[in-house]
Amino acid sequence: MSDRNGHVGLILVSHSAKLAEGLADLLSQVAGPTVPIVTAAGAVDGSLGTNGGAVLEAMQRAAADGGAVVLVDLGSSILAVRAALAELSDEELARVALADAPLVEGGMSAAVAASTGCTLEEAVRAAEEARVVAKL
Amino acid sequence: MSSPSSELAERSVRLPEGVALHARPAGMLVRAAAAFAAEVHVSANGRRANAKSILDVLALGAEGGTELRIDASGEDAAAAAEHLVLLVPELA
């Protein structure tokens, strides 16, 4: 369901703000300006780490808009996402979904799918396709 | 499967010299293919990719000047193939 406003977006959750911002730049160039891509990356003080508050805020904002696929790097990013998901209302939960996918390829696949105006479920499926499509 | 509404279309088109199917042009091609109901595939270098999957298309590794084979099946297959044949030479 992505019928509230605009396209399904992406939330990139990483230990590194630089990593997430660089990926957001790359994905935006390929997907175009219609797909909202935001980052929730790095610790509160800007060092390497995760910031559960930033993740939750990004999810709530996305839920109020077109919804979002969440992509994570690894480890405690997943814990931060799970903790934030636990804070969402049922209505918000219907509009935000964590993809079990590699960050770069999953993000690329989801971003391009989102740029075609697909649903949240389709964008998650596109991200998770990255697990089975050979890179070479 | 040939119901009256199903079509098959096959076309060839060459990538412009110097324009490989890198992320941005591949994204344009995938977005264009996704606008059609037909199943669309693009082949190059002996591989065949789902034209609606960016990762599949990127894995073709098609360099500039490569001949792409487009095949489509479904009710709007001819229109899909035609659209891509017009789009590919414009990729930059």
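Q: How many bridges join β1(A) to β3(A), and do these strands run parallel or antiparallel?
A: In general, the strands of a sheet pair through backbone hydrogen bonds, either parallel or antiparallel. In this structure, which is a predicted model, β1(A) and β3(A) run parallel and are joined by five bridges. Within this pairing, A:V13 stands opposite A:V72 of β3(A).

Q: What is the order of the strands in the open sheet of chain A?
A: The sheet has four strands in the order β2-β1-β3-β4, with parallel pairing. Its edge strands are β2 (37-41) and β4 of chain A, each of which pairs on one side only, and neighbouring strands are turned by 20 degrees against each other on average when direction is ignored. As for β3(A) and β4(A), they pair in the parallel sense over three bridges; there, A:A68 has A:V96 as its bridge partner in β4(A), while A:V69 stands opposite A:A97.

Q: Which strands does α1(A) touch where it packs on the sheet, and which strands does α5(A) lie across?
A: One reads this from the strands that a helix touches and from the angle between the two directions. Helix α1(A) touches β1 (9-14) and β2 of chain A, and its direction makes about 170 degrees with that of β2(A). Helix α5(A), for its part, lies across β1, β2 and β3 of chain A and runs at about 165 degrees to β1(A).

Q: How many helices and strands does chain A have, and what pattern do they follow along the sequence?
A: Chain A has six helices and four strands, and reading along the sequence gives the pattern β-α-β-α-β-α-α-β-α-α. The radius of gyration of chain A is 13 Å, close to the 14 Å that the globule rule gives for 136 residues, so chain A is as compact as a globular protein of that length. Its C-alpha atoms fill a box of roughly 40 × 35 × 25 Å along the principal axes. Among contacts in chain A between residues at least 6 apart in sequence, 76% join residues at least 24 apart.

Q: Which residues of β3(A) are buried on one side, and which on the other?
A: The general idea is that, in soluble globular proteins, nonpolar side chains tend to be buried together. In β3(A), five of the five residues are buried: A:A68, A:V70 and A:V72 lie on one side, and A:V69 and A:L71 on the other, so that both faces are covered. For chain A as a whole, buried residues make up 48% of the 136 residues.

Q: How many residues are in the largest nonpolar core?
A: That core has 74 residues, and those with the most contacts inside it include A:L10, A:V13, A:V69, A:L71 and B:V57. Residue B:V57, leaving aside residues up to four places away in sequence, touches B:L21, B:A26, B:L29, B:V30, B:V42, B:A49 and B:A51.

Q: What covers the buried residues of α6(A)?
A: The buried residues of this helix, which spans residues 120-129, are A:L120, A:A123, A:V124, A:A126, A:A127 and A:E129. Their cover includes β3 (68-72), β4 (96-98) and α5 (103-115) of chain A, together with α2 (54-58) of chain B.

Q: How many residues of chain A are in contact with chain B?
A: There are 15 residues of chain A in contact with 11 residues of chain B. On the side of chain A that touches chain B, α1 (17-31) and α5 of chain A are the elements that give two or more residues, and α5(A) gives the most, with five. The residues on this side of chain A divide into eight nonpolar, four polar and three charged.

Q: What is the strand order of the open sheet in chain B, and is its pairing parallel or antiparallel?
A: The four strands have the order β1-β4-β2-β3, with antiparallel pairing. At the edges stand β1 (7-14) and β3 (47-50) of chain B, each with a single partner strand, so one side of each is left without a neighbour in the sheet. Strand β2 (39-44) of chain B pairs with β3(B) over four bridges in the antiparallel sense, and B:H41 has B:N50 as its bridge partner in β3(B).

Definitions and conventions: Residues are numbered from 1 along each chain as its sequence is written. Chains are lettered from A and ligands numbered from 1 in the order in which they are written. This is a predicted model: local features need pLDDT of at least 70, side-chain atom pairs count only at pLDDT 80 or more; totals for chains, interfaces and linings use all residues. A nonpolar core is a set of buried Ala, Val, Leu, Ile, Met, Phe, Trp, Tyr and Cys residues joined through C-beta atoms within 7 Å. A residue is buried if 20 or more other C-beta atoms lie within 10 Å of its own, exposed if 12 or fewer, and partly exposed in between; C-beta atoms are placed from the backbone. Two residues are in contact if their C-beta atoms, placed from the backbone, lie within 7 Å. Ala, Val, Leu, Ile, Met, Phe, Trp, Tyr, Cys and Pro count as nonpolar, Asp, Glu, Lys and Arg as charged, and the others, Gly among them, as polar. The radius of gyration is taken over C-alpha atoms; the globule rule is 2.2 Å times the number of residues to the power 0.38. Two strands pair if DSSP finds at least two bridges between them. Axes are lines fitted to C-alpha atoms, for helices over the stretch in contact, and angles run from 0 to 180 degrees between N-to-C directions.
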